[in-house]
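Welcome, and please open your viewer before reading on. We will go from stop to stop, selecting a few things at a time.

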Amino acid sequence: MSFEVYLGTGERTTTVYLSGDLDIASAPLLQSVLARALTPDTERLVLDMHEVEYMSSAGLRCLIVAHQNAGADVEIVLVGARSEVVDIIRLAGFDQAVTISPGLV
Amino acid sequence: VTAVCTVRLPASPDGIAALVERLTAFTGARGLSTAVTYRLRLAAEELVANVLEHGRPADPGAGITVVLRDHPDRVELSVIDTTGPFNPAEITGELSPKAGAEGGFGLFLLRNMVDRIDYCRQAGCNETTVIVAKEPA
């Protein structure tokens, strides 16, 4: 499945809408978009993952790098990820660093 | 074995997309669950990506061969390559998110998402086989 990403920027919150596969093919674009999503004013980064079908280590690595670049003052919220994707996030221990929400953005 | 699918890939990132297409077609035709398909795809991507990132093929033209075997209770996925000896099952240890950002996380995920990993070296090839159990009916 192809990968699509849209960026919505608010005053303090940036929302990234993801769909498709977060894999080795889409990782370079994802990493680039997440880097653009973070500005000095960003306090909250929301990743809408309702339409994400698949995530491998390459996709997760992009999220981890974004978290490291954001710093401790930025809250990262992952919304609507399917169970297999959440399993991978938990295996990495990344659920300790972000907020996982099943609900709407 | 009730069905076998063999895919020969070029040793390049383009090969992974072709592999995913064949793998999902196979699991769809066999009626395998979304969860089993996910785990097989993850195993395939992580193993092939590891060969592409770290391996130096003895024969660059040989590519990578992936074989899927559907059994009544499990699916086996074998990745065969001509790079130097490397046993993914020997890579152990826990990884922090920091380590995940630096690499090596793919094999950690692999170990935790499949039921077994077997490895053998023969005729100058690595053959890594992972087993994914099907859910009870």
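Which residue of chain A forms a salt bridge with Arg41(B)? Select Arg41(B) and look across to chain A: the partner is Asp23(A), and the closest N and O atoms of the pair are 3.1 Å apart. Keep in mind during the tour that this is a predicted model.

**Stop 1: where the chains meet**

Now widen the selection to the whole contact between the two chains. Chain A brings 22 residues to the contact and chain B brings 24. Together the chains bury about 1,800 Å², and 64% of that area is on carbon and sulfur atoms. Side chains of opposite charge can pair when their charged atoms come close. If you display polar contacts between chain B and chain A, the count is seven residue pairs, with both residues at pLDDT 80 or more.

Next, colour the side of chain B that touches chain A by element. Three elements of chain B give two or more residues to this side: α2 (34–54), α3 (97–102) and α4 (105–113). Which of them gives the most? It is α2(B), with nine residues. Colouring this side of chain B by class instead shows 12 nonpolar, seven polar and five charged residues.

**Stop 2: the sheet of chain A**

Select Leu7(A) to see one example: its bridge partner in β2(A) is Val16(A).

Move on to β2 (residues 13–22) and β3 (residues 44–55) of chain A, which run parallel and are joined by nine bridges. Here Thr13(A) stands opposite Arg44(A) of β3(A). Stay with Arg44(A), as it also forms a salt bridge with Glu75(A), with 3.2 Å between the closest N and O atoms. This pair links distant parts of the chain: Arg44(A) is in β3(A) and Glu75(A) in β4(A), 31 residues apart. Over all chains, the salt bridges come to 13.

**Stop 3: helices on the sheet of chain A**

**Stop 4: along α2(B)**

While α2(B) is selected, pick out Arg39(B), which lies in this helix. Leaving aside residues up to four places away in sequence, Arg39(B) touches Met113(B), Val114(B), Asp115(B), Val132(B) and Ala133(B). Now draw a distance from Arg39(B) to Leu109(B): the two are 70 residues apart in sequence, and 10.0 Å lie between their C-alpha atoms.

**Stop 5: the sheet of chain B**

Finish with the strands of chain B. They form an open sheet of five strands, ordered β1-β2-β3-β5-β4, with antiparallel pairing. Its edge strands are β1 (3–9) and β4 (116–122) of chain B, each pairing on one side only. On average, neighbouring strands in this sheet are turned by 15 degrees against each other, direction ignored.

Select β2 (residues 64–70) and β3 (residues 74–81) of chain B: six bridges pair them in the antiparallel sense. Among the residues here, Leu68(B) has Leu77(B) in β3(B) as its bridge partner. Last, show helix α1 (residues 14–29) of chain B, which packs on the sheet and touches β1, β2 and β3 of chain B. The direction of α1(B) makes about 170 degrees with that of β1(B).

Note on methods: Residues numbered from 1 in each chain as written. Chains lettered and ligands numbered in written order. Heavy atoms only, no water. Contact = heavy atoms within 4.5 Å. Buried area = accessible area lost by both parts, 1.4 Å probe. Salt bridge = Lys/Arg side-chain N within 4 Å of Asp/Glu carboxyl O. Polar contact = N/O pair within 3.5 Å; in protein donor to acceptor, adjacent residues only side chain to side chain. Helix = DSSP H or I, 4+ residues; strand = E, 2+ residues; numbered from the N terminus. Nonpolar A, V, L, I, M, F, W, Y, C, P; charged D, E, K, R; others polar. Pairing = 2+ DSSP bridges. Axes fitted to C-alpha atoms, helices over the stretch in contact; angles between N-to-C directions.
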